[in-house]
Amino acid sequence: MTACSQDRNALAAYLDGGLAADQARSLEAHLRGCPECAAEVAAQVKLRRAMKPAATRFAPSAEFRRKVQGQISSKRNMGFRWMWPATVAALAVMVLAVVWTRQSVARNGAFREVADLHVSDMASANPYDVVSSDRHTVKPWFQGKIPFAFNLPEFAGSEFTLLGARLVYLHQQAAAQLVVGAGKHRISVMVVQDNAGFGMGLPFAGGVSVRDSFNVETWEKNGLRFYVIGDAEQGTIHRLAQALQGVNG
Amino acid sequence: MDRLFFEQLAMPLFDQLYNHACWLTGDRADAEDLVQETYAKALKGFGSFAEGTNLRAWMFRILRNAFLNSRSGLKQKTSYLEDEETGADEAVTHDVTPEALLLATESQEMVFSALEKLPVAHREIILLCDVDEMSYREIAEVLDVPPGTVMSRLARARRNLRAALGAKEAVR
């Protein structure tokens with residue numbers, strides 16, 4: 001039997017982080033002077049630690065994950081059996097949903113790459129090489145990494161926020177990807193040299209087109225090709241495109 | 001687009017939900033049914049899910065309701081009723097000293113098997129708190145009970161687990 005009158009439930013609540021700050025402080029003070037309660041806390045901590053492996057005791061099979069993933073992602077993927085590892089499958093299914101229409105493989109090739117990059121970036125836990133909302137940080141970061149330069153508009157005070165950027169490969173070339181937030185949406189801007197003329201076959205001449213539920217706008221200017229892609233509404237995509245065109249005239 | 005958004009938010013919870021379902025049901029096939037049902041229901045109800053609220057608690061709650069309505073869950077429902085009635089064993093479990101508890105936790109298997117043998121209402125709340133590391137508020141959301149109930153049930157569950165570990169220790 002414990003001689004100390006300290007409520008054991010309060011000790012547990014303390015370990016759970018369930019005590020108010022002042023209660024926690026006075027309990028801590030008590031613990032320093034009471035070996036009995038200190039031993040009790042030590043035992044409870046050890047029990048909790050022994051319980052942690054319970055978090056990973058049962059792991060779902062890759063097959064089951066694919067099954068559920070297939071059910072919740074767009075219906076159009078249903079017929080496909082992907083033999084990728086589970087993590088890659090997650091990505092592949094999303095990309096597949098985006099690039100389904102393939103009457104013209106060549107035409108969609110360019111778009112697919114862009115969408116692929118966008119989706120993989122959205123799915124990544126670590127999406128940026130450089131995290132900054134400041135265009136004066138992001139632009140110089142690309143120096144020496146890409147064989148061209150481009151300008152960024154001032155986002156402060158606009159509906160857009162610069163979230164970060166990363167170096168990507170698009171059409172077999174180093175390209176810049178910027179991620180711009182608009183409300184809850186994230187929009188990717190891809191900039192790459194257009195020396196191969198791959199824009200020729202693109203299905204979108206001007207303005208925003210809808211490609212499998214993504215809105216995308218693309219244009220070529222002074223040898224650079226720009227893509228703006230995301231799930232934000234068409235007007236938003238277009239305004240971002242205009243802002244970029246404004247500073248890269 | 002909603003589907004993609006849902007997928008991005010909900011799939012990272014997959015392992016956690018599956019593990020929890022296994023602990024609840026004690027059976028992998030039952031757990032798979034539960035998880036599948038949970039994702040189907042969550043996708044359907046995603047439109048009504050308010051952005052900014054806790055998706056994890058919301059999905060755990062759907063999983064739990066699915067479990068309670070499943071065959072294996074119905075059998076266990078009595079454990080929730082019993083939970084409120086017991087408490088008389090308090091004096092006994094206080095005999096389990098910190099030293100005895102320390103010894104008992106030496107064995108991973110012992111801790112797991114004690115956890116497995118707890119009534120589901122107690123196993124569930126201990127898992128949510130210690131394993132999934134949810135706050136009292138989050139647990140209250142999952143269990144759909146007031147936070148005060150979370151604290152009292154958790155206290156009973158811990159006593160119960162401790163008694164189970166202490167008893168094992170005594171036998172050994």
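**View 1. The loop holding A:Gly183 in chain A.** A:Gly183 sits in the loop that joins strand 2 (173-182) and strand 3 (185-193) of chain A. Helices (H or I, at least four residues) and strands (E, at least two) are DSSP runs numbered from the N terminus. This is a predicted model, in which local features need pLDDT of at least 70, side-chain atom pairs count only at pLDDT 80 or more, and totals for chains, interfaces and linings use all residues. Residues are numbered from 1 along each chain as its sequence is written, and chains are lettered from A and ligands numbered from 1 in the order in which they are written. With 11 other C-beta atoms within 10 Å, A:Gly183 is exposed. A residue is exposed if 12 or fewer other C-beta atoms, placed from the backbone, lie within 10 Å of its own, buried if 20 or more do, and partly exposed in between. The C-alpha atom of A:Gly183 is 7.6 Å from that of A:Glu159, 24 residues apart along the chain.

**View 2. Two non-glycine residues with positive phi.** A:Asn222 is not a glycine, yet has a positive phi of about 50°. A:Asn222 lies in the loop between strand 5 (214-221) and strand 6 (224-230) of chain A and counts as exposed, with 9 C-beta neighbours inside 10 Å. In chain B, B:Glu133 has a positive phi near 55°. B:Glu133 is found in the loop between helix 10 and helix 11 (136-143) of chain B; its 13 C-beta neighbours inside 10 Å make B:Glu133 partly exposed.

**View 3. The side of chain A that touches chain B.** Here 39 residues of chain A are in contact with 36 residues of chain B, contact being C-beta atoms, placed from the backbone, within 7 Å. Two or more residues each come from helix 1 (8-15), helix 3 (35-51), helix 4 (62-72), helix 5 (86-98) and helix 6 (105-123) of chain A. Helix 3 of chain A gives the largest share, 9 residues. By class, this side of chain A has 22 nonpolar, 9 polar and 8 charged residues. Ala, Val, Leu, Ile, Met, Phe, Trp, Tyr, Cys and Pro count as nonpolar, Asp, Glu, Lys and Arg as charged, and the others, Gly among them, as polar.

**View 4. Helix 2 and helix 3 of chain B.** Chain B has 12 helices and 0 strands. Helix 2 (residues 14-25) and helix 3 (residues 28-45) of chain B pack at an angle of about 130°, with axes 8 Å apart. Axes are lines fitted to C-alpha atoms, for helices over the stretch in contact, and angles run from 0 to 180 degrees between N-to-C directions. The two helices of chain B are therefore oblique to each other, a term for angles that are not under 35 degrees (roughly parallel), over 145 (roughly antiparallel) or 65 to 115 (roughly perpendicular). Residues making the contact include B:Leu17, B:Tyr18 and B:Ala21 of helix 2 and B:Leu34, B:Val35 and B:Thr38 of helix 3 of chain B.

**View 5. Nonpolar cores.** A nonpolar core is a set of buried Ala, Val, Leu, Ile, Met, Phe, Trp, Tyr and Cys residues joined through C-beta atoms within 7 Å. The largest has 50 residues, and B:Ala21, B:Val35, B:Leu63, B:Ile125 and B:Ile139 have the most contacts inside it. Helix 10 (residues 120-131) of chain B supplies the largest share of this core, 8 residues. A second, separate core of 39 residues includes A:Phe160, A:Val191, A:Ile229 and B:Leu4.

Key
Two residues are in contact if their C-beta atoms, placed from the backbone, lie within 7 Å.
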